[in-house]
Amino acid sequence: MSLLLVLPLSASAVVSDSVPSRKKVALVLSGGGALGASHVGALKVIEQAGLPIDMVVGTSIGSIVGAMYSVGYDSDDLATMFRTMDWTELFLDRRNQHHLTLRERDARNTYIYEREFYVRGGLDPQPGGVIRGNNVESTFEHYLQGYTDSIDFLRDLPRQFACIATDLVTDNEVVLTHGELVKSIRSSMSIPGVFTPVHLGDMVLVDGGTKNNFAADVARRLGADIVIGVRFDMGVGSDRHYRTLIDVMERSVGSDITRRAADNEKYCDLLIRVPVRGFSSGSFSARAINTLIERGEKAAREKLDSLILLKAQIGVQPQQNCTMHLRDIESLPGPEDARKGLIYSHEPNSIRASVGLRYDNEDVAALLLNGRCFIGDKRKKEIDLTLRLGLRSMLSLGCDLEPRPFKRLGVSYELWHNIHQELYTRGKRSDNTSYLYQHVNVKLFALDAMNFDCELGIGWEHYHHFNNLWNENSVVIFDPNEHYFNFHARLRYSNEDNRYFTRRGVRAEAQYAYYTDNFSHWKHQNGFSAVQALCQATIPLSASTHLRPAVQGRLLFGDDVPNMKLNAAGGMSHGKFLPHQLPMVGMGHVEFFDSKLLAASLRLQQRVVGRHYLLFDGMVAEQHDELRHIFDNSPPMWGVQASYFYNSGLLGPLGASLGWNSHTRKLNFFINLGFDF
């Protein structure tokens, strides 16, 4: 199977004219990354003029637009795609969370970069790029349903189609007209050094824009009688300062490409030049996309009289509309509906390396490095090594065995070094402790599914306090060494569509642990127990406004509970400073509370525009050492908080919060840059 069609000088030997009663019309779309949004505006005017388009020839982003136009989408569908596409996710290798187990989703919402390497042979079979382009292929397999097998693009599509790539082996231009449509456009837009090349037989294919970014000559060779071209006018002049990296790269590598594109203009019967000055190939913001679509429409509308004249020259009656709309992008099922049930989330005999990075004004900067090795095909084994660097440093090593799909046994070891842990009492700093924490966990049974996981196991925990300072506000005294064994069970469910900016779904967690010092008793009496639970739902009020009610709590039962297992709350996320820590609205630091702690919260999530969000949180909480008296406090503890966040996608949530809590009676300001870990 080959994607390559060797083109003769005379295209009549290759392509039969499917419209013998009139002249064949080809549309040529240039490459340029985000600038391709202007193609959509130009197509809108061409459709309004009623011109027939029999063939589309595209390069890079032009191949994406051209392929979708060739299977029957119209300009409105393409505008919807450009405006709703998460381009950051598209151009990365981050896996779709709808196809992942809960454990894999946790990793996806922690690391900013992941890369797989194959164990056998020790080499990546497709080196030469930072990004594999897996999401590009899966996304356009979704959009191009029905045309994903090996086909003839000049015979089997509603409109004839061709795209341009470059073969690194021969340094020649390659015209793709046969094979897998998705692989072809993936080849045409593979920016060298950024995306891994597409290996096809003896060819190694990358972005066609490196050879022929405006392939009007190819349209002529393929038998087009009339060629309409759409390309970008960058407005390059002596007054351009070239202060950005993209400006410099586009200018330094683009001189020969620009000259070739200018030469190819002579093959066009009508050329639409779209002024795109002020934007670059990386301008994928919502504002930029809308502006580029408008500029493409305006540039084409200025040529409307010429389009009407060309319509007559083609042999089409003035009132005749030859456009076609065979597919509707809004009627496609969501990509999350494409696959259901349990799935495998990793390739056997591979290593996955991941990197996480974050900053906040409490933990300062933190770096997270992870390597996971997947061994075997049937009885899979997984070795996991994680290193965290920051004020809270951590080393973790684990090994899991999967005797049956999604069922696990395993053992893991964690070592935490907390250099500087501040604890508060009613808003006043009371303790400053440094400690080592060790945790050995043995999974006796674990089930890891798509929206559900559970675990039964035993564990050993040890705290060693090597520095402990306190003042008159302190209410706890730490033992130099605390260690205990536990029997535990955990159950989780989540079908949320996003961990940080949820639009739909429910999340629920429950866990129980029984603690002893010799597997049966705690200090010569019955052991103590901890029950922790969370349930939250998302209620859509509109497309951009959502309510997120939640209830959570932790209950301790038993006598003489060690200090490091007392109820702790504070901060914006679960387990930030202590494994069992609960978040508390308006409280940025950690405090210890009574043995029974319950809280209810409500979040109003408002998407302002694009990726910008405003969050408003409120919480009430009750605490007591006796469960039957937990609601006797009057009034209950409460907190409020207002936040602004930008959903960067790749780097995680970026923003700041301002809150107040009745327990501390202090304002709390918190900056968060990146995923939680």
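Predicted model: local features only at pLDDT ≥ 70, side-chain atom pairs only at ≥ 80, totals over all residues.
View A. Within α12, which spans residues 304–314, the buried positions are L307, L310, K311 and I314. Viewed down the axis of α12, these buried residues fall within an arc of 110 degrees, so they line one face of the helix. On the other side of α12, by contrast, D305, L309 and A312 are exposed. The residue that follows α12 is G315, and its phi is positive, near 105 degrees.

**View B. The largest nonpolar core and the contacts of I228.** This core, the largest nonpolar one, has 77 residues, and F140 and I228 are those with the most contacts inside it. Helix α1 (residues 37–49) gives the most to this core, contributing 7 residues. Leaving aside residues up to four places away in sequence, I228 touches V25, A26, L27 and V28, together with I46, L51 and I53, and also L270, I272, L307 and L310. Two of these partners, L307 and L310, are also among the buried residues of α12. Apart from this core lies another, of 28 residues, among them Y111, A366, M394 and A530.

View C. In the pair formed by W87 and F284, the ring centres are 4.7 Å apart and the planes stand at 25 degrees, so the pair is stacked. W87 lies in helix α4 (residues 87–90), whereas F284 lies in the loop between β13 (270–275) and α11 (286–301), so the pair ties together parts that are 197 residues apart in sequence. W87 has a relative accessibility of 5% and therefore counts as buried. W87 and F284 also belong to one aromatic cluster, together with F82, F91 and F195.

**View D. The tilted pair of F153 and F161.** F153 and F161 form an aromatic pair with 6.0 Å from centre to centre and 50 degrees between the planes, an arrangement that is tilted. F153, at 0% relative accessibility, counts as buried, and F161 is likewise buried, with a relative accessible area of 0%.

**View E. Lysine charges over phenylalanine rings.** The charged end of K596 sits over the ring of F557, at 4.9 Å from the ring centre. The charged end of K576 sits over the ring of F577, at 5.6 Å from the centre of that ring.

Methods
Residues numbered from 1 in each chain as written. Heavy atoms only, no water. Core = buried A, V, L, I, M, F, W, Y, C linked by side-chain atoms within 4.5 Å. Buried < 20%, exposed > 50% of the residue type's maximum accessible area, 1.4 Å probe, protein only. Helix = DSSP H or I, 4+ residues; strand = E, 2+ residues; numbered from the N terminus. Contact = heavy atoms within 4.5 Å. Phe/Tyr/Trp six-rings, centres within 6.5 Å; stacked < 30°, edge-to-face > 60°. Lys NZ or Arg CZ within 6 Å of the ring centre and 35° of its normal. Arc of directions from axis to C-beta.
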